[in-house]
Structure formats: C-alpha cells, structure tokens
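Dear colleague,

My findings follow directly after it.

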Amino acid sequence: MNAPAPTPAPDPTLSDDLCARLRDSLLEQGFTTTGVRDLLGAGAHAALTRGEPEAAARATREAGGLGALVRLFLLGGTEAAPPLPEVDALVEGGLLSRTADGVRAAMDLRPYGEEDAGGEALWYVLSDLDTPAARQDRDHVTGVGGASLTLASSLVRTPVRDTLDLGTGCGVQALHASRFSGRVTATDVAPRALATARATLALSGVHNVDLVEGPWLEPVADRRFDAVVSNPPFVPGPARVEYVYRDSGKAGDAALAGLLRDLPDRLRPGGRAQLLGSWLHVRGEDWPDRVRSWVPEGCDAWIVQREVTDPALHVGTWQRDAGLDLSAPATRAQAAAWLDWLEAERVEAVGFGFLLLRTVPDGRAPEIVVEDLPGELADPLNAEMAGWLDRVDWLRDHADDEALLGARLMLSPSATLERYAVAGDEGWSDAGAAVVLADGPQWRHEVDEPAAALLAGCSGALPLAELFALLSFAHDRPVDALVRAALPAVREFVRHGVLLPAAGPTRSAA
C-alpha cells in the first residue's frame with residue numbers, strides 16, 4: 001500500500017518585513033544563483049542538479065555562511081546556528097523546523113533569477129519540499145520545475161500595462177511578468193499557493209504584483225489585461241482533483257478547451273495569452289483540427305506541440321511526479337483506472353506544448369497555426385514567439401498577392417541549404433534539398449531547385465516580383481506558373497522566419 005498522505009503543512013506566515021530582512025541576509029551571504037554556482041563549481045553543481053548531493057556537500061565544508069545556507073536549503077541538512085535573522089520567527093512562520101541539533105528547512109527556498117536588457121534579477125522562490133511524502137499532499141505547491149521554466153522561457157517580453165498570471169502557484173511566472181508589466185495580478189484557487197507566492201514575491205523584492213484568490217477567471221471576471229500567462233492544471237485524465245496543481249476537475253482536456261474559449265473576454269484588443277497545455281490524440285480524429293476548434297473567433301493562435309507520449313508513459317510520468325510507489329497495489333489500481341478511462345475515450349496519445357493567443361483588434365482575418373515543434377530547443381522561445389506575432393502582422397498587411405510580390409525579402413542569416421543523396425546501383429544520386437534554420441526551432445522546408453534559387457536571391461535588393469522574373473528566365477518556366485506555385489511557400493517561409501522583410505527584423509524581437 002502507498003504510505004498515508006501526510007498531514008497538510010500549515011500555510012507559511014512570513015511577514016513582508018521579515019522577508020525583507022531575510023532577503024538582505026541571503027544577499028549578504030552571497031546566496032544567489034551565481035554565488036551558489038561559483039561555490040560548488042561546474043561538476044558539483046551539475047551533480048546537485050541531477051539529485052546527487054555529496055559533491056555539493058563536500059564543496060561547502062569550508063565555505064562559511066554561504067556553505068551553511070547551501071546545506072540548509074539545498075541539501076536538506078541541519079544547521080545549529082544558521083546565518084539568518086530571527087530564527088524563531090522563521091520557525092514560527094513555517095520556513096524552518098527545529099530538531100535536536102538545530103534547525104532544518106521546512107519548505108524549499110532557493111535562489112532564482114534572470115538576466116536581460118534590464119539587468120540581473122535576484123529572486124528567491126519558496127515552495128513545498130520536493131520529497132515523495134510532501135508531493136502527495138493534495139495542496140502541494142510545486143517549485144521551479146521543468147514546466148515553469150519552459151513557460152517562462154517562452155514569454156514575450158514586449159512591455160505591457162498589466163498581466164494576469166492565472167494559477168500562479170509559488171509565483172514563478174509572476175516574477176517574470178513583473179519585469180515587463182506595469183502591474184501583475186496573480187490568482188490561484190489554493191490559499192496555500194497564494195501564501196507561498198506572497199512570500200516568494202516579498203523575498204524577491206517584487207512589489208508590483210497583486211494576489212487574488214479564486215478559480216480560473218472568476219476573480220477577474222470584470223477586468224481585461226494586455227497579457228495573460230498561465231501554467232494551468234492541464235494533466236488529462238478522469239474528472240477528479242487529487243492534486244490541485246495539476247488536476248482541473250474536468251475530464252480529459254476539457255478544462256484547457258474551455259479556458260481558451262474564455263480568454264479573449266479577459267484580453268484587451270491586441271492582448272496576448274501564453275499557456276502550457278496538454279491535449280488528447282483521439283482515435284479517428286485529427287489532433288490539429290481538434291485543438292484548432294477550441295480557438296475563439298477573432299484570435300490569432302499559434303499552437304506548437306512539443307512532446308507526444310503514449311497512454312502508459314503519460315500515466316506513469318504523473319504518478320512518479322506525485323511521488324508514488326509505482327509497484328504499490330493502490331498505485332497500480334489508480335493506473336488501471338486511469339488507463340481504462342483513456343481507453344474508453346479512444347485516446348491513442350497525449351500531446352504537450354505551447355499555446356500563444358492574441359486578439360485581432362480590427363476584425364481582419366486571424367491566423368491560426370497548429371504544428372509540431374521540431375528538434376531540440378537550444379534557445380529560449382521568447383524571441384520566436386515575439387517574432388511569430390510580428391511576422392503574422394506583416395503577412396496580414398501583405399495578404400494580397402500583389403502586395404507580397406512588391407515586398408523585398410531577405411534570407412535569414414541562420415538559414416542553410418542541405419542537399420542529400422541516396423545510394424543506387426550507379427552510385428549516389430541527388431534525392432532532394434531542404435532549407436533549415438540553425439537557431440531557435442529548427443524549421444525544415446523541402447525545396448526544389450527554383451525555390452532554392454529564389455531563397456538565394458532574397459538579399460533585400462529586389463522586390464519579389466523581379467526575382468520571379470529572373471527565375472522564370474533562368475529556368476525557362478512561365479512566371480505566372482512560378483508565382484502560383486511558390487507564393488504559398490513564401491508565406492510559410494516568412495511565418496517561420498526563413499525569409500525576413502528587408503524593412504526591419506521580425507525574428508529576434510522580444
């Protein structure tokens with residue numbers, strides 16, 4: 001049997017004043033992302049990231065106050081005299097707990113931050129301990145995990161007046177939004193999550209975030225925002241709430257579909273929303289058409305699928321995430337019920353990815369694209385997300401063929417042409433070519449010789465119409481036929497940033 005669920009921990013009650021003093025102390029000791037990395041060194045830091053603490057522990061032996069903080073908050077150790085202000089108040093507030101030998105962390109506290117054109121942000125994120133027992137708490141507040149980092153790295157940084165962080169959890173997305181928003185409203189249905197986020201914000205010295213309790217969009221039903229960011233409960237399964245941070249209470253992906261349909265009412269004209277989500281691949285249905293049907297009228301949408309898992313992997317992944325013993329009878333019974341539900345719903349796979357939504361302010365035709373994201377992501381997606389919005393606007397302004405033919409385009413500096421061949425009885429023979437982008441998403445487009453020549457000619461010097469005329473002469477093909485065949489591909493090249501308008505950048509603006 002699984003171990004019984006732990007008694008829910010009390011909500012943290014750290015005052016803003018205490019958090020400010022604790023922040024000063026942590027900064028004074030150098031307990032920052034850079035300070036910890038420099039102390040541990042690359043090898044021990046990498047080992048700690050993998051969940052191997054011993055190398056990090058050895059690196060802290062002669063490291064004074066900073067070493068003590070690393071042992072206390074990052075290694076789960078006990079410290080007799082930690083270099084912290086008002087230890088009794090920190091115990092009473094729920095951050096620390098007393099032991100026979102001193103104190104240890106009762107919650108997870110770790111340095112966090114980002115660096116951009118505005119400088120370096122020195123933040124601290126508070127969350128529940130990441131232990132199997134703690135993760136089985138229904139109201140468990142997760143920390144900085146893969147999903148939150150993925151979403152944060154995709155956020156468009158264009159400045160806005162206000163942002164809604166829907167389902168803030170411990171407050172990670174609110175921290176990032178505070179950098180590009182005049183004001184942030186962060187909501188959550190769980191009081192413990194809001195108490196944790198309040199401490200995260202205070203510890204991070206962030207003061208332009210308002211916290212509001214309530215489910216989904218109900219707390220802001222009478223408001224509109226320039227931007228919305230959300231890492232909502234998106235795990236598809238039976239209608240239940242076993243863990244507040246992941247379960248929506250609705251069956252399958254119905255909660256995500258409903259949220260997408262409701263979001264435009266909370267956005268100002270031209271407002272954007274960025275979410276993570278999962279959707280079902282249902283037997284007999286085309287998954288892009290299914291997800292596309294959720295997009296409301298009057299909205300641009302870019303939905304990119306990052307991963308696809310089979311039902312067994314989907315269930316096992318989230319049971320591991322909950323800290324369950326996968327071989328325990330109760331866990332197996334839960335898995336069986338979950339898999340039975342997926343089978344009954346004809347689910348063949350579960351997709352996961354990014355959703356970008358923007359209201360179209362002037363009633364012009366919206367652009368809706370649903371596609372798979374290729375390759376590994378070496379770069380954050382925020383520049384690509386911003387560039388996609390810019391490029392969609394440019395394509396809308398050049399929707400007429402004549403307008404597009406009059407435009408000057410430039411080949412992206414990161415574009416390369418790959419030629420490939422296949423072996424036969426008489427040696428190698430050309431089998432085709434593809435243009436590939438080396439940075440951001442590794443978009444790949446198969447091209448024939450005229451298309452390759454057209455791309456090579458896009459230097460921004462000549463309008464597209466003149467390039468087609470030259471191409472017609474070089475390949476002895478009617479210009480009208482070339483235009484009809486190539487313009488849809490040209491639009492796709494622009495949408496993916498392979499071709500850029502010569503008038504200004506549309507790929508890397510963030």
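**Findings**

At 56% relative accessibility, Pro478 counts as exposed, since the cut-off for that class is over 50%. Please note that the model is a predicted one. Pro478 is located in the loop that runs between α17 (464-475) and α18 (479-495). Its C-alpha lies 35 Å in space from that of Asp300, and the two residues are 178 positions apart in sequence.

Arg396 is part of helix α14, which covers residues 382-397. Is Arg396 buried or exposed? Its relative accessibility is 14%, so Arg396 counts as buried, the limit being under 20%.

I turn now to the nonpolar cores. In soluble globular proteins, nonpolar side chains tend to be buried together. In this model, the largest nonpolar core comprises 81 residues. Trp302, Leu409, Leu464, Phe468 and Leu499 have the most contacts inside that core. Leu499 touches Leu409, Met410, Leu411, Leu455, Cys458, Val490, Phe493 and Val494, again without counting residues up to four places away in sequence.

Helix α1 (residues 16-28) packs against helix α9 (residues 191-203) at an angle of about 45°, and their axes are 8 Å apart. The two helices are therefore oblique to each other, and α1 passes α9 in a right-handed crossing. On the α1 side, the residues that meet α9 are Asp16, Cys19, Leu22 and Arg23. Their counterparts in α9 are Arg198, Ala199, Ala202 and Leu203.

Finally, how many of the nine residues of helix α8 (residues 172-180) are buried? Eight of them are, so α8 is largely enclosed by the rest of the structure. The buried residues of α8 are Val172, Gln173, Ala174, Leu175, His176, Ala177, Ser178 and Phe180.

With kind regards

Key:
Residues are numbered from 1 along each chain as its sequence is written. This is a predicted model: local features need pLDDT of at least 70, side-chain atom pairs count only at pLDDT 80 or more; totals for chains, interfaces and linings use all residues. Side-chain values use heavy atoms; hydrogens and water are left out. Helices (H or I, at least four residues) and strands (E, at least two) are DSSP runs, numbered from the N terminus. Buried means under 20% relative accessible area, exposed over 50%, partly exposed in between (1.4 Å probe, protein chains only). A nonpolar core is a set of buried Ala, Val, Leu, Ile, Met, Phe, Trp, Tyr and Cys residues joined through side-chain atoms within 4.5 Å. Contact means heavy atoms within 4.5 Å. Axes are lines fitted to C-alpha atoms, for helices over the stretch in contact, and angles run from 0 to 180 degrees between N-to-C directions. Angles under 35 degrees count as roughly parallel, over 145 as roughly antiparallel, 65 to 115 as roughly perpendicular and the rest as oblique. A crossing is left-handed if the near helix is turned anticlockwise from the far one by less than a right angle, and right-handed if clockwise.
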